[in-house]
Structures are given as C-alpha cells and as structure tokens.
Amino acid sequence: MRLVAAADGGLARVRLPGGLVDATGLRALASAARDLGDGRLELTSRGNVQLRALAAGDDVSTELGGRLAEAGLWPSLSHELVRNIVASPLADLAGLVRALDAAICADPRLAELSGRFLFGLDDGSGDIAALAPDVLAMDGLVEGLPAEDVVAAMIAAAHAFLDERAAQGSSAWRVAELTDGRARLRARLDAPAAWTAPPAPPAPAGEIAGRQVLLARLGRLTADQADWLADHVGDGTAVITPWRSVVVPAVDPAGAAAAGFGVDAGSPWYGVSACAGQPGCAKALADVQSEAARTGPGWHRQGLSVHFSGCARRCGRPVDTVVDVVATEDGYVITGA
C-alpha cells in the first residue's frame with residue numbers, strides 16, 4: 001500500500017469505483033481511520049476516500065493494505081491506481097460500474113494509464129459529463145457514438161488514448177494533455193468530433209427517489225459517522241458522490257442530522273468545500289478548514305457555492321464553484337463574489 005507523504009503524516013487514497021461501498025467496507029474504513037489515522041475520512045471529488053495522518057513505515061502500509069483487501073476494497077495490485085470511475089450517483093449504474101472495473105483490471109495494458117485518467121458513466125443528466133472525464137459514456141453513447149456494449153467501447157477508448165499518446169511520443173496523463181487530444185481520440189474511434197452534453201444539474205441533496213443524500217461537513221466523515229452509515233446501509237451500498245456527499249437508502253432525517261450530517265440543501269455545508277490546508281498540507285498558507293467552518297455558512301446563506309484553498313493550486317475545487325477564497329502570504333483573495 002503506497003502512502004503519500006503529507007505534512008500531517010502519510011496519506012492513503014482508497015479508490016471506490018462509482019463511489020460504491022458496502023457496510024463491510026465502511027466499517028473497515030472507520031476502524032482504519034481510528035486505529036491508524038486521525039479518525040476521519042476525506043471524501044474526494046472523484047467519489048473516493050482518503051485517510052490522513054498515517055504513521056510512516058512498512059508496518060502501517062502493510063496493515064492498512066491487509067485491512068482493505070480483506071474488506072474487498074483492494075482487489076488488484078497491478079491496476080489499483082487506474083480504477084478511476086465516476087458515475088451518476090442517483091442512477092442504477094452499479095452493475096455497469098462493476099463490469100467496467102472488472103474489465104479495466106483484466107486488461108494488462110490499461111495498467112499503463114495514469115492515476116488521473118478518469119472513466120465517467122453519465123445517466124444522461126449531464127452531472128458526470130461536467131466533470132470532464134477522459135472517456136465518457138452517457139445514456140448508451142460512448143464519446144458520442146452508440147455502443148451496444150458500453151464497457152467494451154470504453155475499454156477501446158482507453159486503448160485509443162494509449163495509442164495516440166504513443167503516436168505523439170507523449171507522457172500525458174490525460175486526454176486534455178495531448179495535442180488536440182479529444183479530437184484525435186474521437187477520430188480513432190470514428191466518433192463525432194463534437195458532442196454537447198446537457199447542462200449539469202445542481203449537486204444533489206435531500207430525499208430523492210426514495211434515497212437520502214447526506215452532506216458531510218466540508219467533505220469529511222468521522223469514523224463514528226462511517227459506522228452510522230454502515231448500520232443504515234444494511235445489505236445494500238452507500239454511494240460516495242463527486243460532490244463529497246453520501247447517498248444511502250431512505251433514512252430518518254432527524255437521526256441523520258443528529259449524527260452530524262446535512263440532510264438537505266438548506267444545510268450550511270451545502271456548496272461549501274475546502275482543501276486540507278494547514279497543518280495537513282505543507283504548501284498551504286492558512287488553516288482553510290477552520291476558515292471555511294467559520295465563514296462558509298455565510299456564503300451558503302447568499303446562495304453561493306464557495307471553495308476555500310490553502311494556496312493557488314486550489315486542490316479539490318468543485319467544477320461548479322462560484323466563489324474562490326484563496327490563501328496568500330498577505331491574507332485571502334476572494335474572486336467570483
């Protein structure tokens with residue numbers, strides 16, 4: 001298990017294709033956060049989970065890797081970095097997500113993809129298309145081309161990227177980093193040169209179609225909250241969304257609120273996000289988590305989505321952000337207000 005060095009210790013990213021995680025996985029993540037990290041789980045803009053403040057050393061990485069493997073969260077040693085799949089969280093796409101994940105892991109060449117290459121499954125709403133995945137399937141189309149077998153077509157598109165990258169003599173991680181990358185990828189697939197997706201809908205929140213979208217405060221879950229989710233998922237799955245929320249079967253909103261979740265778009269944490277900031281990130285110039293907790297609800301009351309960044313890199317910034325609050329050596333710079 002590879003840990004990334006951060007200012008507060010080791011960081012481990014656990015990939016959850018399509019954001020899918022069952023009760024066993026949630027409990028494994030909760031116990032790992034308590035026993036090995038800082039007791040919290042970070043939700044990412046790709047629907048994954050990160051553990052922070054892990055002690056350095058092979059013992060911790062081995063222990064964590066073993067726990068994840070036992071819970072079914074680490075099925076492939078060779079392809080773990082490339083299991084990057086985002087999917088519309090309110091659609092019934094679990095079967096397609098799992099089939100795509102299995103196909104990626106079964107293809108030796110796709111281990112050459114970077115850890116940033118992104119597969120997207122959009123139900124036609126435009127929510128995933130707005131995240132600009134490298135290969136996009138939307139409502140039966142793959143890169144705008146009708147596909148009888150969506151999984152096979154997406155795997156073919158990933159190979160087309162690798163072919164084009166080799167032809168350009170490039171080390172690009174994503175399609176956008178190639179010269180005329182999107183056009184050349186689609187040319188290799190005989191797909192339309194241009195493809196317009198519908199406007200992205202607002203980030204989901206509240207009860208929708210018999211399920212509940214719960215908001216995590218600044219995209220962080222405590223270990224206790226992860227255990228609470230496991231208790232309420234039952235034999236099903238939770239879905240971590242790219243908007244750092246969690247979709248679960250219908251639950252009592254009062255009970256969820258008592259557990260510390262936002263239960264609808266009226267929550268002060270709806271549309272408010274922040275990077276790790278100090279002390280977790282060595283590049284950060286301020287404790288933006290605390291600043292977001294202090295002032296974020298004010299931006300929410302104005303109906304504005306806001307992201308707090310500890311430096312100009314703006315890590316984790318949602319694509320629908322309206323207001324940017326960026327820490328500098330001389331204070332905060334606010335744009336978009």
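User: Hi! Where does Leu 11 lie?
Analyst: Leu 11 is part of strand β2, residues 9-14; strands here are DSSP runs of E with at least two residues, helices are runs of H or I with at least four, and both are numbered from the N terminus. This is a predicted model, where local features need pLDDT of at least 70, side-chain atom pairs count only at pLDDT 80 or more, and totals for chains, interfaces and linings use all residues. Residues are numbered from 1 along each chain as its sequence is written, and side-chain values use heavy atoms, with hydrogens and water left out.

User: Thanks! Is Leu 11 buried or exposed?
Analyst: Leu 11 is buried, at a relative accessible area of 11% (buried is under 20%, exposed over 50%, partly exposed in between, with a 1.4 Å probe and protein chains only).

User: And which residues is Leu 11 in contact with, leaving aside neighbours within four places in sequence?
Analyst: Those are Arg 2, Leu 3, Val 4, Gln 50, Leu 51, Arg 52 and Leu 54, with contact meaning heavy atoms within 4.5 Å.

User: Switching to the sheet: what order do the strands have?
Analyst: The open sheet of 5 strands has the order β1-β2-β5-β4-β13, paired antiparallel; two strands pair if DSSP finds at least two bridges between them. β1 (4-6) and β13 (220-222) are at the edges with a single partner strand each, so one side of each has no neighbour in the sheet.

User: Nice. How many bridges join β1 to β2?
Analyst: There are 3 bridges between these antiparallel strands, and Ala 6 stands opposite Gly 9 in β2.
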